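Student: Could we go through this model together, taking one feature at a time and starting with the general idea behind each?

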Amino acid sequence: MARLLDSNDMLFHILVAGGTGSGKTNAILYMLDLLFRKEDKGSVLPALFLFDPAGDASIDLLRAISPTERNRVVILDPQYVTFGFNLLSLPEGLDAVEKPEVLQIQVEEFSALLSDVFNTDATTAPRLMWIFKGALYYLYTFTNDPTFWDLYNIMLLFTKKKAREVEDLFRRRDMNVEIIEQTLEAISKLPQDAYMPVINRISNFVLPPSSITFRTFCSRKSTFDLEKLMSPGRLTIFRIPSSLPNEFRRLFSSAVVMQLYFASLKRAKRLERSGEQPTARIPVVLAADEFRDIGELKILRTILSQSRKYGLYLWMVVQTLSEIPEDLMGSIQANVGPILAFRGSPDDARKLGKLLLPQRAETVETLIPGLEDYAALVRKRPVGGRLVEPPFRVTFPKLRDPVNEYAGALSYMKGDMDRAYGGAVADRNLVYKKDQELVAKLRGDCPLEIPLYWVPLTYLHRNRGWNPFTPMAEEFESDHAWGPDVLKVALSRLVDMGKVQQKIDIWKFRAGTDAKTGKPIWKDPTTEDETLRAREAFYSISEDAQKEYFVFYNKSAKSDRAGGDVHVALIKLVLEEYWKEGAWCAVDRGDRAGPFPDVLVLHPKVTMAKAKDGRQRVTMSTEEWDEEKRMPVESQATPSKNPDGVMNDYERDMKGWGRMRFVTATRNDIETVKTILQGKELSMVQFVHKDVGLPQDELENLLAAEKQPVLQAGAAEGKGSLAGAEQALASVERKPDPSIHENELRLLSVLLSSGYKNRPTLASGLGVAPRQVTRYLVHLHKLGLLSRTGKRYLLMQEGRRLAERHDQGMPGGPAQLKLA
Ligand SMILES: Nc1ncnc2c1ncn2[C@@H]1O[C@H](COP(=O)(O)OP(=O)(O)OP(=O)(O)O)[C@@H](O)[C@H]1O
Ligand SMILES: [Mg+2]
C-alpha cells in the first residue's frame, strides 16, 4: 500500500468520506503516523494536528508511538489537563497593517459562528450576529485577548437594553461608526425573550465558575503556543471530550483552525520578508476527524485555495458528503488532492464517482457501496487540473500495534501534559470594567446598578440605627410592592458588600390582629416561647456606605459659584426628598468632568398594576431605572446675583436632558429665575422653592450676606479668636466626620429651645470648654445642620429635625418610632 500512496501524497488537502465504521479514522491515524515517523531525507518534517472528537483514536495513536518519540507529541484534553485556551485570542505581534485585517477576519468569523452556534431561532440570527459583532469589536478595542467571560458579561449588559449606555460605551472607543449603529439597532430590535436562550447557552462556557470550560476557555492567555507547536515533527492532538456540548466542539475546533491559519499567514509573511524560499516553510497538516465541527468557517475557502502559500493542509473527514456546505463543495473539488472513498451510501457513491473519475463515474459509483471494511477507492492528486491516474483500491492496514500500556499512555496524557501545559486560571476581570464605571459616573448612574440594592439603602439612611426587618418589610410591601423575600435578598447582598450591617436580636412578636384595622398587633415578649418568636434580624447602614452615598460635601465654597449655606441646604433638602422616593441622586461634588447639574436624579421604574382587591397598586422595579425621567436639578440660592449661572444651568440641562428643575429658597427667587430666562422655552422646566427652615428675615439676612462663599466669611471677618480657630479647624477637617457626637445633639437642642446667645453660655450649658463648643459649631455648620450669619448660628431644617428627635429621646429612626 505504501507503494501506492506514500507520504509525498499526503501533504495536500485530503477528503476522506465513508459511512460509520468503514475505517476513516484508522486511515488518518495511519497516515499521521506515517508522516510522524517519516524518515527525513533532506525535506522538512511536517507539523501535525489532530482533532479527535471521540477520544479513543488519540490513545491508540499514543500507544503506537514509542516512549523515546513521545516527547514530540502534545495531547490536550480539558478533562485531564488544566490547560488554557483562549479561543478569542488574536495572534501576538501583529503590526499596524496586519491587525485590522486579522481583526476583521476574526470578528466576522466569530460573530457568524457564535450567532449560528448559540442561536435557537433562525429569524433572529442576523440581528444576533450584529450584536456579537459589536460586542467583539468593542472587546478587541481593549485587548487582543478578550475571554468568553468578557463576552458573556457584555451580552448580559446588552440584554438590559440600556441602548444609551451601550452607545456611550461604544463611542468612547475607537470603533467604526457603522458597526456601532448596526449593533445598537440590533440591540434595540431584538426581542427581549430572544436573548435568554442565547445567554443560557453562552453561560455553559462560563458557569459554574468551577467548571472545566470556565477554566479552559476563560483564561486570558493560552497555556500553549500554537506557533511553537507548528514546529517540524510535532504532533499535537486536541482531544475533545464527547461530554462537551456540541457548540463547544465547534467553537473549539474552529478557533484552532483560525489560529493556525493566522499563525501560518504570519509565518508566510515573515519568510517572504526575509526573502527565504517557500520550501523553507514547514508544512502543517490539520486532520479534522469531524469535519462538521469546522465546516461553517468562511476562512476554509481561503485556506483551501491558498494552501501553497501558507503550507496549511486540511484533512477533512465526513460520514457523508452532505455534511459539506453546498457553497464549499466547489472549493473542495477544485483544491483537494487525494480523495479517499470508503464504503458509503449510493447517494454519496454517485457524487464520489464524479469526483474520482468523471469519465467513468458510473463504474466507480457501483463499486463504492460494496467496498469491504477498511478498504477505500483512492484518487491521487490531479496534476495541472488533470487526473493522471485512475483511482485504485487500498486496504489501509490497521495502525501498528501498541508499544505502550494503556495506563502508560494515560499517565503521559494526564501527568506529563499537565506539568507542561497545565495551571490555567480563569480571569474574572472584565476588560471593559473601568471604562464602564467611568461612563456610569459620567452619566450619573447608580454605582449599585439596580434599584434592588439602592432603595433599601435609602431607607436605612433615613432610619439610622438598627431597624427590625419585619416593619421594614411591611413598608416595602405597601410602598413598593416588594415582597419580604425580595427585600431579604437585597439586604443580604448589601451585607456581603459591606454596605449594611446585620444583627440578630429580640424585638417584638406578633400577638394577633387588630380587629378594626386588620393590622398585626406587636408585643414585647415576656415568656420564653414569645422570646423565641421575637427573634428578629436588624439592619443598619454601615458608616462607610453612609459616607460614600449620603454625605454631601460642600465644594462650592471653594469654587467661584455663588452660594454657600443656603445653596448647600437646598441641595440637601432636594437629596433627602428624592432619597425618600428611592431615587438615586448623582451629585456634582466638583469631581465630575464635563457638564453636570448640581444633582441628577434617577428614579426606579414604577408601574401601576391592579392588585387583588381591584385597587391600583404601585410597583417599583427592582431591576430597572426610569431612564426617560432622568432629571437634572439646580439649586439657585441667590439667582439675582447669579444670572449667568442660571442661564448656564438652563442651557446645559436642556441640551443634555431636555428637562430640568430649579430649586430656590424663596418664592420670589422663582420669579427672579423666570425673569432671567425670559423668552426661553420653559414648558419642560420645573420650579420649586424649598423651605430651608429659617424665618423670613433671617433668610434674607443670610442671602444678603452671601456675597462671598460662606466658608471664606470667617477670613473676611478677620477678627476675634473664633474666626481664627475656625479657619484652623476648617483646614484640618477637610472632610467633616459625618457622625454626630451626643454633645452636638445636645447643642442642637439648646439652640432649638433658647437660640444662639454666645459661646460661653452654650459651653456652661453643656458643661464643656468654649473651645469645644467652637469645634461643635464648626462641625455642625459643615454638616449643614447650622447656618451662620456673622457670629450667630441658626438651626437649619435638618438640624431642627435632629434637635426635636433628640428632645423626644429617640436615637433610632421612625421605624421604631411608629411601632413603639
Ligand atoms: N485495517 C483494519 N484492520 C482491522 N481493524 C480495523 C482496520 N481499520 C479499522 N479497523 C477497526 O474498525 C473499527 C472502525 O474503524 P474506524 O474507527 O476507522 O471507522 P470510521 O470510519 O472512523 O467510523 P466512524 O465514522 O464511526 O468514526 C475500529 O475499531 C478500528 O480499529
Ligand atoms: Mg472515526
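Student: How far apart are the mean positions of the positive and negative charges of the protein?

Tutor: Lys and Arg count as positive and Asp and Glu as negative, with His and the chain ends not counted, and each charge is placed at NZ of Lys, CZ of Arg, CG of Asp or CD of Glu. Here the 112 positive and 108 negative charges have mean positions 1 Å apart. This is a predicted model, in which local features need pLDDT of at least 70, side-chain atom pairs count only at pLDDT 80 or more, and totals for chains, interfaces and linings use all residues. Residues are numbered from 1 along each chain as its sequence is written, and side-chain values use heavy atoms, with hydrogens and water left out.

Student: What share of the residues is buried?

Tutor: Buried means under 20% relative accessible area, exposed over 50%, and partly exposed in between (1.4 Å probe, protein chains only). In this protein, 53% of the 820 residues are buried.

Student: Which loop holds Tyr374, and what is its phi?

Tutor: Helices (H or I, at least four residues) and strands (E, at least two) are DSSP runs numbered from the N terminus. Tyr374 lies in the loop between helix H16 (361-367) and strand S8 (375-379), and although it is not a glycine, it has a positive phi of about 65°. Tyr374 counts as partly exposed because its relative accessibility is 43%.

Student: Where is Ala481 found?

Tutor: Ala481 sits in the loop between helix H20 (469-480) and helix H21 (484-496), and Ala481, not a glycine, has a positive phi of about 60°.

Conventions. Chains are lettered from A and ligands numbered from 1 in the order in which they are written.
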